[in-house]
Amino acid sequence: MKNTNCENCYICSRKQKIWAWVLLAGIFGCGVMTGLSPVGHKIVNATDSAVKGEVKEEEKVVEIVDPEPQTPCQINEKVLKTRLARNIDDTHPGAFNAHQSNMLIYKRLFNTGCVENRDYFSEMASNERIYMDALTGIQKKNNESVERPCREIESALSRRIISGCDTNQYVSECHLNNAEVYSKLAEDGCEENVELYRKNALDELQIADGVRINASDVNPREVRSTINTYKKLQMQNEARRYLNKIEKMLDPGIDFIMELQKVIEE
């Protein structure tokens, strides 16, 4: 009788089975050697790097997301951070002023920014001070403060700037006070700081308008303060536009409007 089992199989004899096992062992050994070889290692690493690269790209997308500020301190930070000088060239003649500008902005961020970021702003302000000292020397800066009257004016007026306006009962009026002080500093402070004080004054005006819940909440004292600030900054056109806006929004009275127009034209 014919063996049907042998007709249906490909490996029947003992010799064929032994060679089959040898062949399987050889294939397994080749796989192991390929994995351990530099070429195989390179392929595996390349694949792993590609996966990591994809993860990093996803992380970058997440980091770019910048939610719209909702609280007064977040509004302060967003406005002030746009004023920071980036990539300062310390070989440039204006490097000292750029670092000084950053230092003052970080100090303002410490005082008016969000509480959870104060340590960072304090550290950044200290770093800017280190850069300033490295560029000019501490002794030279101290001598400048004594010798130049504009330094004394800046020191006296700076003490009138109110910190922590976001916790003040009258938030917008607090920022308007600071705007007037900065505009006065732009008038009478040191020449190299005029542009910085002008920017700070405009920042305070923008913040005061941004934290006001209703535009109709503005009172005559705030209107007068804003007009005076624009006048000190020699921005009469902006003062006129602001007055026209207030006149359409409120009914301040003809006498009050004429008084402010006179202030603008003087």
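Predicted model: local features only at pLDDT ≥ 70, side-chain atom pairs only at ≥ 80, totals over all residues.
Q: With which side chain does Arg-240 meet in a salt bridge?
A: A salt bridge is read from the distance between a side-chain nitrogen of Lys or Arg and a carboxyl oxygen of Asp or Glu, which must lie within 4 Å. Arg-240 meets Glu-265 in this way, with an N to O distance of 3.2 Å. The two partners come from distant parts of the chain, for Glu-265 belongs to helix H13 and Arg-240 to helix H12, 25 residues apart. Glu-265, at 55% relative accessibility, counts as exposed.

Q: How many salt bridges does the structure hold, and which residue forms one with Asp-203?
A: There are 9 salt bridges in the structure. Asp-203 is paired with Arg-83, and their closest N and O atoms are 2.9 Å apart. This pair also links distant parts of the chain, as Asp-203 sits in helix H10 while Arg-83 sits in the loop between H4 and H5, 120 residues apart. When you inspect the pair, look at each partner separately: Asp-203 is buried, with a relative accessible area of 1%, whereas Arg-83 is partly exposed, with a relative accessible area of 31%.

Q: Which residue forms a salt bridge with Arg-151, and which residues are linked with Lys-184 in a network?
A: Arg-151 forms a salt bridge with Glu-192, the closest N and O atoms being 3.5 Å apart. Here Arg-151 lies in helix H8 (residues 149–158) and Glu-192 in the loop between H9 and H10, 41 residues apart. Arg-151 counts as buried at 9% relative accessibility, while Glu-192, with a relative accessible area of 29%, is partly exposed. As for the network, salt bridges link Lys-184 with Glu-187 and Asp-188.

Q: Turning to nonpolar residues, which members of the largest nonpolar core touch the most other members?
A: As a general idea, nonpolar side chains in soluble globular proteins tend to be buried together. The largest nonpolar core here has 25 residues, and those that touch the most other members are Leu-185, Val-223, Ile-227, Tyr-230, Tyr-242, Leu-243 and Leu-260. At least two residues of this core come from each of helices H9 (171–188), H10 (194–211), H11 (220–232), H12 (236–249) and H13 (254–265). Helix H9 gives the most to this core, namely 6 residues. Another core, of 11 residues, lies apart from it and includes Leu-80, Leu-84, Ile-105 and Leu-109.

Q: With which residues is Tyr-230 in contact, leaving aside its neighbours within four places in sequence?
A: With those neighbours set aside, Tyr-230 is in contact with Leu-202, Leu-205, Met-235, Glu-238, Ala-239 and Tyr-242.

Q: Where is Thr-112 found, and which backbone oxygen does its side chain reach?
A: Thr-112 lies in helix H5 (residues 95–112), and its side chain reaches the backbone oxygen of Arg-108 at 2.7 Å. Thr-112 is buried, with a relative accessible area of 6%. Apart from neighbours within four places in sequence, Thr-112 is in contact with Cys-73, Asn-76, Leu-80, Gly-164 and Asp-166.

Q: What is the phi of Asn-87, and what is that of Gln-234?
A: Phi of Asn-87 is near 50 degrees, a positive value in a residue other than glycine, and Gln-234, also not a glycine, has a positive phi of about 60 degrees. Asn-87 is in the loop between helix H4 (72–81) and H5 and counts as exposed at 79% relative accessibility. Gln-234 is in the loop between H11 and H12 and counts as exposed at 66%.

Definitions and conventions. Residues numbered from 1 in each chain as written. Heavy atoms only, no water. Helix = DSSP H or I, 4+ residues; strand = E, 2+ residues; numbered from the N terminus. Buried < 20%, exposed > 50% of the residue type's maximum accessible area, 1.4 Å probe, protein only. Polar contact = N/O pair within 3.5 Å; in protein donor to acceptor, adjacent residues only side chain to side chain. Contact = heavy atoms within 4.5 Å. Core = buried A, V, L, I, M, F, W, Y, C linked by side-chain atoms within 4.5 Å.
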